[in-house]
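User: Can you walk me through this one? I'd like to start with the aromatic residues and then move to the strands.

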Amino acid sequence: MAYDVQKTDEQWREELTPEEYAVLRQAGTERAFTGEYTDTETEGTYSCKACGSELFTSDTKFHSGCGWPSFYQPMTDTVEYIEDNSHGMKRVEVRCATCGSHLGHVFPDGFGTPTGDRYCINSISITLNEKK
């Protein structure tokens, strides 16, 4: 797929830390309960760490207890979905629709949320822009 933001692998490596690169560009996962935004309740919007595209709002963030920031829906068409059958599981990967960076996965177990979904997102793949 062609993305609005396209860079070479070398450019991504120069712009991202090794940890950010491993998650955003190689579909890695940060360890549970270690991310900066796991338990935050700060109001604002969450943007892609790689390209700055707005992805989620704090209004859709909830405490799922899974160890990663959880949201029940993204902002309009800000993410794309990729079938992920790695690690012996059937999952749906969530990527930034602007640059193709890996954000996390979405699961249909967001019990008690308006959508029933749980977007399990790596803190290292997003940046919180606090509401002023």
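Analyst: What follows goes through ring pairs, the sheet and a few single residues.

Analyst: Keep in mind that this is a predicted model.

User: Fine. How many aromatic pairs does a search of the whole structure find?

Analyst: Five. In one of them, the ring centres of Phe 56 and Phe 71 are 4.4 Å apart. Their planes meet at 20°, so this pair is stacked.

User: Where in the chain do those two sit?

Analyst: Phe 56 is in strand β2, residues 54–57. Phe 71 is in strand β4, residues 70–71. They are 15 residues apart, and the pair links distant parts of the chain.

User: Is Phe 56 buried or exposed? And Phe 71, buried or exposed?

Analyst: Phe 56 is buried, with a relative accessible area of 0%. Phe 71 also comes out at 0%, so it counts as buried.

User: Which residues do the ring pairs link into a cluster?

Analyst: Tyr 37, Tyr 46, Phe 56, Phe 71, Tyr 81 and Tyr 119.

User: What sits over the ring of Trp 12?

Analyst: The charged end of Lys 7, at 5.0 Å from the ring centre.

User: Switching to the sheet. What is the strand order?

Analyst: The order is β3-β4-β8-β7-β6-β5. That is an open sheet of six strands with antiparallel pairing.

User: Which are the edge strands?

Analyst: β3 (61–62) and β5 (79–84). Each of them pairs on one side only.

User: What joins β3 to β4?

Analyst: Two bridges, with the strands running antiparallel. Lys 61 stands opposite Phe 71 in β4. That is the Phe 71 that stacks with Phe 56.

User: And at the β5 end, how many bridges pair β5 with β6?

Analyst: Six, in the antiparallel sense, with β6 covering residues 91–96. Glu 83 has Val 92 in β6 as its bridge partner. The two strands form a hairpin with six residues between them. His 87, in the turn, has a positive phi of about 60°.

User: What about β6 and β7: how many bridges there?

Analyst: Four, again antiparallel, and β7 spans residues 102–107. Val 94 has Gly 104 in β7 as its bridge partner. This hairpin has five residues between the strands. Gly 100 takes a positive phi near 80° in it.

User: Now Arg 118. Which strand is it in?

Analyst: Arg 118 is in β8, residues 118–121. Its relative accessibility is 12%, so it counts as buried.

User: What does Arg 118 touch, not counting residues up to four places away in sequence?

Analyst: Its contacts include Phe 62, Ser 64, Cys 66, Phe 71, His 105 and Asp 109. The C-alpha atoms of Arg 118 and His 63 are separated by 10.0 Å, and these two residues are 55 apart along the chain.

User: One more residue: Ser 47. Buried or exposed?

Analyst: Ser 47 is buried, at 5% relative accessible area. It is in strand β1, residues 44–48.

User: Which side chain does it join through a polar contact?

Analyst: That of Asn 129, at 2.7 Å. Leaving aside neighbours within four places in sequence, Ser 47 is also in contact with others, among them Gly 52, Glu 54, Leu 55, Ser 125 and Thr 127.

User: Last topic. Which residues does the UniProt domain annotation cover?

Analyst: An unreviewed UniProt entry annotates residues 9–131 as "domain: MsrB". That span is 11% helix and 33% strand. Its end C-alpha atoms lie 33 Å apart.

Methods. Residues are numbered from 1 along each chain as its sequence is written. This is a predicted model: local features need pLDDT of at least 70, side-chain atom pairs count only at pLDDT 80 or more; totals for chains, interfaces and linings use all residues. Side-chain values use heavy atoms; hydrogens and water are left out. Rings of Phe, Tyr and Trp (its six-membered ring) pair if their centres lie within 6.5 Å; planes under 30 degrees apart count as stacked, over 60 as edge-to-face and the rest as tilted. Buried means under 20% relative accessible area, exposed over 50%, partly exposed in between (1.4 Å probe, protein chains only). A charge sits over a ring if NZ of Lys or CZ of Arg is within 6 Å of the ring centre and within 35 degrees of the ring normal. Two strands pair if DSSP finds at least two bridges between them. A polar contact is a pair of N or O atoms within 3.5 Å; within protein, one must be able to donate a hydrogen and the other to accept it, and residues adjacent in sequence count only if both atoms are side-chain atoms. Contact means heavy atoms within 4.5 Å. UniProt positions are given in the numbering used here, feature names are shortened, and annotations may be inferred rather than shown by experiment.
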